[in-house]
Structures are given as structure tokens and as C-alpha cells.
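Please keep the structure in view while reading.

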Amino acid sequence: MESLSKRAKVLEKKPMTLAERAYLPAIFQGLSITMQHFFRAATKKQVTIRYPEETRPFSPVFRGLHVLKRDEAGRERCTACGLCAVACPAEAITMVAGERKKGEENLYREEKYAVSYEINMLRCIFCGLCEEACPKAAVYLQADKMAPPRFERDEFIYGKDRLVEPVTPDNRSKRGIQLTPEQADKLRAQLA
Amino acid sequence: MTLPVLGWQGLVVLATFGISLLIATYCTYAERVIAAFLQDRVGPDRAGPFGLLQPLADAVKLFTKEEFFPAGANRALFVFGPCLAMITALMSSAVIPFGNFLQFGDTIVHLQGIEINVGMLYVFGIVSLGVYGIMIGGWASNNKFSLLGAIRAASQNISYELAMGLALIAVLMMSGTLSLREITLQQSVAGEWHFWNIAKQPLGFLIFIVCAFAETNRTPFDLPECETELIGGYHTEYSSMKMGLYLFAEYINVFVASAVMSVLYFGGFNFPFQYELRDWLVSSRGLELVTAQNIITILGLVGLFGKIFAFIFFFMWVRWTLPRFRYDQLMRLGWTILIPLAILNILLTGGLITFGVIK
């Protein structure tokens, strides 16, 4: 039968030369190759990343653990509109909305706020659609943090205690709207 | 032999025993580090500095693992197999001369477990016994893969022992003795330009080292173990420290094979210019002859271990370079190439001795 591509080549099997049959030159060649690798590994820095001590840097567009942002006065940005929960294809986000009371203006930016806000990290597919849906620039996926492994399923449901970023300007997340130096100084003075 | 000498000799035997075990222990570590380096990896580096406590961690792991007996296994033989492998491996290092002698006053201590005039024959006998450990273990496991591995080990050892013995005969023709100490001493004569046996027996050495690889079941001749086809071969069914004993026995065998090759072909505890160094120590440094000789002995001991470690490294280097032979290739190499070559080597050596080229 003629081959379809007509590119098949007939290979000629040549008899081996004496050096090839003796096998020893090939062995020494192989030994020298592995020895080169030995010295390379022993002298140069290996490509291995020794994990707990060294970590591989994340890409700047990596979508990791969520953060709920605060504004320049340290107030929570989220207004509990529920758009993120609607946008979420994995239905990982649930929230309970509440009305801001008098005297809580320094805690919540809008009149309506999220009393509870939970993301189930086992459901989440880290697509970032919540981030795109948010009209208040409140929820972001961080590029430098991941949801760590845990033993219990309950521990993967992240509430506000683990999602909202700290008030102090120095510990804020690197994603989202950043504080200007003046705002940071002002907030720092306020906190002190 | 007087009682104190006997005591000293006992100490040497104990030391040999301990060193064999220690070297085998650290062979497991060295194997992993060398394997890692040859493959551009890091290797064990978690337990202790540079992972030096790794063998300890491995031992704890092996000792605490479940001791498993497969259904239908012959329990007595199942335990006896690894014991025999270990015992024979440890016994063979007893006759190896690790150093010349140390002299304290009137007591002369030879750095050799036992000096017998059939030393080489003794090593061969014990090493041959070692295959029973594998054979019994494979048989008692009641597992077809184990049995296949054991049968392979037996036939392989028989095939390669022949070529090994024939390669050795050429050395014995030159030395005229089976005593390892005598063979070592003959390789260096004071005030003479004298070569180690490797210079006179290159072909014999080549045959011997190939057979040593086969005898110790190391790659490329690790057919009895054969992870890919036989799932570990004769020790498939073994767990816990019984498995550890098999692995240990293999490393001790590597150590002994390295030592025997160093002694037979690489001058044993001799090193170049040792007599000149001794005379220099006596004449220029004003040391007594006894002290100078003791220093030379210790240097020779260190030198021999250097040679042994170089061989052990070579064993590991080859393991991570060459793939495993196919079974028919293994048998063809042994019977149709190595044995005729060894016989040729004997004829060649005989001819050269007759015409006085070598002695």
C-alpha cells in the first residue's frame, strides 16, 4: 500500500562498528555527560526552589485570595449591593446587608453595609468576576496571597474577619485604590 | 598469638564491622545526593546540616514501619533471607587488609580482621553464599515477581562469578598467593620502581569491575531488583527493617567489592613514595623507625579508604548513567564475551610471565 503522505523513508540498518560494539566508548561518553551535570549541580546555583525558605514569585496578574478594601479614612468600601454574588459563577459569595446606624460613619463608607460577607474558598474558582462586578472598588483578588490548605472544610469559609484589610496604612493590600502619601500620613496621625 | 595481640585483633574486627555498617549507612545518603547532583537536583537537605542526619531518619522510618508477612509465606525462611544476606555481606570484609601494621612497643597490630592464606578464596566463598539470602527471600515471599527476581539473581551471580574468578586467576598467577595481605605487599617494593597490578592487568581489571557490578546487583546489572518489570524483584514483599537489611547488604557488598578491587588492582594500602617518605621522616625529622612506620601505616589506611570511596562513587556514578541490560544481553555479555576475554587474559598473562615481561 502506498503511504498517504509519501514522506516515509526506508531506514537502512547499518552494522555497528567495532567501537560501537565494544560499548565502552559510549559508556565513557555517557559518564562524562553525567559528570558535567554533577559539577554543574555542585558548583552553580540549582534551578530548584527550596520551598519553605524560598518561594516562587507570583505574576503581578495572579488572582489569589480576596481582600475587602477600606478607603482613605479606614472605612469599609463595600455597600453590600450583591453584584459580586450575582456575578460569581461558582456561587461562592454570600452576604447579609444592614443599615448603617448613627455614629458608625467612621466604620462604613456607605449608608448600607455588609453585616456579614463570606466567600467559600472551596467553591471559588478565582476567576475575578467579582472584582470586575464591584461598583465600589471594594473586592479584589490579591496577587501575592493564596488560600492556604487546611484540614477542615469550615475553615475555608472566609468571613469579614479574614477578608477585610487592616486599617493601618502600612499593612494595606497592594491591589485596588492605593492611599496617597498625604492620606496615609493623615490616617496614621488619626490612628495615633 | 599472645592474648594482648588477640585482643587487639578483636578490636580490629569490631572496627571493621562498625566501619562497614557506617559506610553502608552513609552510602544510602551518598547515593541520593550523587543521584540528585547527576540529575541537576538538590537531594536530601532537610535532616540536619546538608541532610547528614537523613540515614538516621530513614532508619527510624524503617524500624517503625509495619512488619508485614505475605499470606502463604514461609515465615521462618522469610526472616532468614535478609539475615543471611546481611551476615554474608558483613563477613566478607573481615579478611581485607585495611592497613599494614601498627607497632606499640613489642605488640604488632595488623590492621586486618583475620589474616588467612586463602583470603581471596574466602571472599569469593562468602560472596557466593550471599546469593542464598536473595534466593531464600524471593522463594519464601510466595510471590511470582520475587521468585523471578531471585532466579535472575542466582543465574546472574553464577554467570558472572565465573568470569570474575577467571579474571582473578591472572592476578594470582602473578602473585602466587591467595592472601590479600601478600598481594598488597607485592605491589610495592622498597627501593624499586614498582607498579600496581592495574598497570599489568588492565583487561583483567575491566572484566573484574564489570563482574563486580553484576555481583553486587548494581545498575546496569540490577536485573534481580528491576523496579520497572519486577516491582523490586526479590524484596517486593519485604517491608520494615527486613527490607532495610537487604538494601544495607547491597551497600556493604558495594563497599567490599570496592575494597577488594582497591587491594587487588590499586595497591591496597600502598601509596606512591611511601618508603621514601618513611626514610625522610627518619633521617630529616629524627623520628624513630617504628613511629615513622606507624605514620606511613595510618596514611596508607587513609589512602585505601580514599580508593574505596572513589570506587563507591564510581558505582553510583554508573548507576545514574547507564540503563539496565536486557536479560539476554546480560547473559550474552557474561558467557560469550567476558569469559572468553578472561581466558584470553589468562593466556596473555601466562605468556608475559613466561617471557619475563612481568612477574
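Two strands are said to pair if DSSP finds at least two bridges between them. In this predicted model, two bridges join β3(A) to β5(A), and these strands run antiparallel.

## The sheet of chain A

Two bridge partners in β3(A) can be located in the view: Tyr113(A) is the partner of Gly98(A), and Tyr117(A) is the partner of Met95(A). As a general point, the side chains of a regular strand alternate between the two faces of the sheet.

## A hairpin in chain B

Chain B also contains paired strands. Strand β1 (residues 97–104) of chain B runs antiparallel to strand β2 (residues 107–112) of chain B, and five bridges join them. Within this pair, Gln103(B) stands opposite Ile108(B) in β2(B).

Together β1(B) and β2(B) form a hairpin, with two residues between the strands. In the turn, Gly105(B) has a positive phi of about 60°.

## Helices packed against α10 of chain B

Two packed helices are described by the angle between their axes and the distance between the axes. Helix α3 (residues 75–91) of chain B packs with α10(B) at an angle of about 25°, and the axes are 8 Å apart. The two helices, α3(B) and α10(B), are therefore roughly parallel to each other, and their crossing is left-handed. From α3(B), the contact includes Val79(B), Pro82(B), Cys83(B) and Met86(B); from α10(B), the residues include Leu245(B), Tyr246(B), Phe248(B) and Ile252(B). By class, the residues of this contact are twelve nonpolar, one polar and one charged.

How do the axes of helix α8 (residues 202–215) of chain B and helix α10 (residues 240–265) of chain B cross, and within what distance do they come? These axes come within 11 Å and cross at roughly 170°. Angles over 145 degrees count as roughly antiparallel, and α8(B) and α10(B) are therefore roughly antiparallel to each other. The crossing of α8(B) past α10(B) is right-handed. On the α8(B) side the contact is made by Phe205(B), Phe208(B), Ile209(B), Ala212(B) and Glu215(B), and on the α10(B) side by Ala257(B), Met261(B) and Tyr265(B). The classes here are seven nonpolar residues, no polar residues and one charged residue.

## Helices α11 and α12 of chain B

Another helix pair in chain B consists of helix α11 (residues 274–283) and helix α12 (residues 289–319), whose axes come within 9 Å and cross at roughly 145°. Here α11(B) passes α12(B) in a right-handed crossing.

Among the residues making this contact are Leu277(B), Arg278(B) and Leu281(B) of α11(B), together with Ala292(B), Ile295(B), Ile296(B) and Gly300(B) of α12(B). The contact of α11(B) with α12(B) has seven nonpolar, three polar and one charged residues.

## Domains and the meeting of the chains

Chain A is divided into domain 1 (16–54) and domain 2 (66–191). Taken over C-alpha atoms, the centres of domain 1 and domain 2 of chain A are separated by 52 Å.

How many residues of chain B are in contact with chain A? Ten residues of chain B are in contact with 13 residues of chain A. The side of chain B that touches chain A comprises six nonpolar, two polar and two charged residues.

Conventions. Residues are numbered from 1 along each chain as its sequence is written. Chains are lettered from A and ligands numbered from 1 in the order in which they are written. This is a predicted model: local features need pLDDT of at least 70, side-chain atom pairs count only at pLDDT 80 or more; totals for chains, interfaces and linings use all residues. Two residues are in contact if their C-beta atoms, placed from the backbone, lie within 7 Å. Ala, Val, Leu, Ile, Met, Phe, Trp, Tyr, Cys and Pro count as nonpolar, Asp, Glu, Lys and Arg as charged, and the others, Gly among them, as polar. Domain bounds come from an automatic or database domain assignment. Axes are lines fitted to C-alpha atoms, for helices over the stretch in contact, and angles run from 0 to 180 degrees between N-to-C directions. Helices (H or I, at least four residues) and strands (E, at least two) are DSSP runs, numbered from the N terminus. Angles under 35 degrees count as roughly parallel, over 145 as roughly antiparallel, 65 to 115 as roughly perpendicular and the rest as oblique. A crossing is left-handed if the near helix is turned anticlockwise from the far one by less than a right angle, and right-handed if clockwise.
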